[in-house]
Amino acid sequence: MTATIQPLPAEVVHLIAAGEVIDSLAAVVRELVENSLDAGATRIIISIWPVQWRVQVADNGIGMNLENLQQAATAHSTSKINSEKDLWKIKTLGFRGEALHSLAQLAELEIMSRLKYSTAANELGLGLDDEPQKAQVPNLESGWQVVYNNLGEPREIKAIALAPGTVVTVSNLFGNWPVRRGFVSPSQQLKAVQLIIQQIAICHPHVAWQIRQGDSLFWHINPGVTAKEILPQILRGVRLSDLQELSLKVSPPCNKEDREQLPITNYQLTNQFPNQFLELVIGLPDRCHRRRPDWVKIGVNGRIVRSPELEQTILSKLGRTCPRDRYPICVIHLQINPEQIDWNRHPAKAEIYLHNMIYWQEQVSISIDRALQLNAEILPELPLPEGVGKLLKASEQKSGYNISRTIQTNPDGEGEERKNDRDLGLIELKAIAQVHNTYILAEHPGGMWLVEQHIAHERVLYEQLCDAWQLIPLEPPVILNQLSSHQVDNLQQFGLEIESFGEQLWAVRSAPILLAKRHDCPDALIEISKVIDLQSAQVATACRSAIRNGKPLTLPEMQTLLDQWKSTRNPRTCPHGRPIFLSLEESALARFFRRSWVIGKSHGI
């Protein structure tokens, strides 16, 4: 049954963050589209006439009856909340009842709507599938058109032919306030509307979108199941295979003492709030990134919002995974208990207060770690096509050989570390050979990889240094000369013990453990003295300490490096943002060598 639109009580209005929410055509579109989504629309068409400052939003939602249409544009009228306690459990995109009333004051407002039969039948208690009873639903075959005055009161009402859903038309926006139109070009207005729809679409992937400039199609988005299917339609050059998605159930926040007693996998399962999810879509850093941090997005219960704390968590977590001056692509959508959210922070609902922020930062970190792991969920074993498999079985039965389709492992040779990797679901890598003393050829269930040994080792050492920046005494101390005051300050900032040892001479009495026993320790210390932050010093230390390309490795050494590398938090790129491995998947190899074609030909097919 549809809820009735009615004015909010005065005490509720006073508790709502007030402010002008309509300042552009894009803001009009945002408010109207949110109403369409609240009405259950799965197809939304936005038509814009920028020169006339006119917008029309049409949807296939549940529609409104005449009673609700007459009340829709009055001040603080809404069907979404009724009392003060409803403000703390907001489940809809709109709830303040301000948008339509503001539009009536700022422009010429017209709404056409027709109830779906299912909605009208529910109101009258009729069966949904009983065709003869449709005659009992008044005015089911027509909709209503209402034109409002500048107070939001109906000025004209008439019955019209209309498909189920709602069409809202806003004309001559800011007609009485021309100074508010500014000097915005039609192309800028269209771009602003497009950006608004992009942000909304990634939180509502099931919706089909169209933006029209007058009668011409300007842009569209096809519906999908998850945001992963929407992003390639929005971001140029990003392919579906460049993205990794993850959906995790999250448990309700609890205090620190309780959390410390929970197993590390507790974030994956909870029965108390079965509908709480953290959905993540991340651009794999070895495949795609941005010039600006403009696609680090946080969504909460269907709306993209600003959350500086969570955005900084994402940027920190993905630090040193992209090349210099490049930024990750990451969309986090929290679908959580409304009681965890306070929407009453910003008039346009662009920012929110999120209770238990530290807890949600932890959940975001956990999800990113898991999405970047090299595990079987990300790289599942690809089976042979059914037809090819049958031909192989037939040939095996007629011949004296058999083909094994699985990698055989030696249980006696597996250490505790390999067992832990299997427990975490990490993909199994087997070192096969070394190519040009530079690349490790590694086999896995879905194909093979070429792993560059230097930067793989650099990633391992860098994360070890981040976890434990360990300094040890130098005996005798290392003597450096010609250091600037900034270089001395940098070394002291990193925790190194350094003191003057004469004119333009300094004695360094401690150093990172990775550098202390190297023959080129003085050169390494001079190198890290030129960087201004600890993270850069750790990168420089890891780079200098990693094995060099051109160094021969034994198979056990290669296997040890692979095991260490695949267990790192960000195994796809080195700290400088370079990709660490080249993937040669079994499916691609089969296509290249025409294996299915050869097998078919050999059997007379």
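In which sense, parallel or antiparallel, do strand S12 (residues 277-283) and strand S15 (residues 330-335) pair? In this predicted model, S12 and S15 pair in the antiparallel sense, over 6 bridges. Within this pairing, Val 281 has Val 331 of S15 as its bridge partner.

The chain as a whole holds 20 helices and 24 strands. It has 605 residues, of which 48% count as buried. Of the contacts between residues at least 6 apart in sequence, 70% join residues at least 24 apart.

S12 and S15 belong to an open sheet of 5 strands, arranged in the order S11-S12-S15-S13-S14 with mixed pairing. Strand S11 (243-249) and strand S14 (303-305) are the edge strands, each pairing on one side only. On average, and with direction ignored, neighbouring strands of this sheet are turned by 20° against each other. In general, strands of a sheet pair through backbone hydrogen bonds, in either a parallel or an antiparallel way.

The crossing of H9 past H10 is right-handed. On the H9 side, the contact is made by Glu 309, Leu 310, Thr 313, Ile 314 and Lys 317. These meet Met 357, Trp 360, Gln 361, Val 364, Ser 365, Ile 368 and Asp 369 of H10. By type, the residues of this contact comprise 6 nonpolar, 3 polar and 3 charged.

Strand S19 (residues 439-444) and strand S20 (residues 447-452) pair in the antiparallel sense over 6 bridges, and a hairpin of 2 residues joins S19 to S20. Tyr 439 has Glu 452 in S20 as its bridge partner. S20 also pairs with strand S24 (residues 581-585), again in the antiparallel sense, over 5 bridges. In this second pairing, the bridge partner of Gly 447 is Glu 585 in S24.

Note on methods:
Residues are numbered from 1 along each chain as its sequence is written. This is a predicted model: local features need pLDDT of at least 70, side-chain atom pairs count only at pLDDT 80 or more; totals for chains, interfaces and linings use all residues. Side-chain values use heavy atoms; hydrogens and water are left out. A crossing is left-handed if the near helix is turned anticlockwise from the far one by less than a right angle, and right-handed if clockwise. Helices (H or I, at least four residues) and strands (E, at least two) are DSSP runs, numbered from the N terminus. Contact means heavy atoms within 4.5 Å. Ala, Val, Leu, Ile, Met, Phe, Trp, Tyr, Cys and Pro count as nonpolar, Asp, Glu, Lys and Arg as charged, and the others, Gly among them, as polar. Two strands pair if DSSP finds at least two bridges between them. Buried means under 20% relative accessible area, exposed over 50%, partly exposed in between (1.4 Å probe, protein chains only). Axes are lines fitted to C-alpha atoms, for helices over the stretch in contact, and angles run from 0 to 180 degrees between N-to-C directions.
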